[in-house]
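Please keep the model open as you go through the headings below.

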Amino acid sequence: MGGSQTYPYGSTAAVRGHVLAALGVLKVATADQVRRLMCPGHKDNKAVRNAALDWPATG
């Protein structure tokens, strides 16, 4: 993938923070909706998807 052991998908703290903030308000959103709302400078939703994948699984 190219990331670190902690974040195997290579996301950045900034993008993970944006995704978490958006989901805190919206509760459910697609990666494209989060990108358009929080990271409009990114050309696609890959960074948002990678940020979500880098969160540890719970449950």
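## Helices and the model

Helices here are DSSP runs of H or I with at least four residues, and they are numbered from the N terminus. With that in hand, V25 has its place in helix α1, which covers residues 13-26. Please bear in mind that this is a predicted model.

Two further helices come up below: α2, made of residues 31-38, and α3, made of residues 46-53, where N50 lies.

## How α1 packs against its partners

Two packed helices are described by the angle between their axes and the distance between the axes. For α1 and α2, the angle is about 105 degrees and the axes are 10 Å apart. Angles of 65 to 115 degrees count as roughly perpendicular, so α1 and α2 are roughly perpendicular to each other. On the α1 side, the contact is made by H18, V19, A21, A22 and L26, and α2 contributes V34, L37 and M38.

Now for the pairing of α1 with α3. Their axes come within 9 Å and cross at roughly 85 degrees, and α1 and α3 are therefore roughly perpendicular to each other. Here V15, R16 and V19 of α1 meet A47, V48 and A51 of α3.

Is N50 buried or exposed? Buried means under 20% relative accessible area, and N50 counts as buried because its relative accessibility is 14%.

Leaving aside residues up to four places away in sequence, N50 touches Y9 and S11. The C-alpha atoms of N50 and T12 are separated by 9.0 Å, although these two residues are 38 residues apart along the chain.

Side chains of opposite charge can pair when their charged atoms come close. How many salt bridges does the structure hold? The count is 2.

One of them links D32 with R35, whose closest N and O atoms are 3.0 Å apart. Both residues lie in helix α2, 3 residues apart, or about one turn of the helix. D32 counts as partly exposed because its relative accessibility is 27%, whereas R35 is buried, with a relative accessible area of 14%.

D32 also meets R36 in a salt bridge, at 3.0 Å from N to O. R36 and D32 are 4 residues apart in helix α2, so about one helical turn separates them. Through shared partners, the salt bridges join D32, R35 and R36 into one network.

## A nonpolar surface patch

Which residues form a nonpolar patch on the surface? They are V25, L26 and L37, and their accessible area together is about 290 Å². Exposed means over 50% relative accessible area, so V25, at 65%, is exposed.

Definitions and conventions
Residues numbered from 1 in each chain as written. Predicted model: local features only at pLDDT ≥ 70, side-chain atom pairs only at ≥ 80, totals over all residues. Heavy atoms only, no water. Patch = residues over 30% accessible without salt bridge, like charges linked within 9 Å, V, L, I, M, F, W, Y side chains within 5 Å. Areas by Shrake-Rupley, 256 points an atom, 1.4 Å probe, with all protein chains shown as cover. Salt bridge = Lys/Arg side-chain N within 4 Å of Asp/Glu carboxyl O. Helix = DSSP H or I, 4+ residues; strand = E, 2+ residues; numbered from the N terminus. Buried < 20%, exposed > 50% of the residue type's maximum accessible area, 1.4 Å probe, protein only. Axes fitted to C-alpha atoms, helices over the stretch in contact; angles between N-to-C directions. Parallel < 35°, antiparallel > 145°, perpendicular 65-115°, else oblique. Contact = heavy atoms within 4.5 Å.
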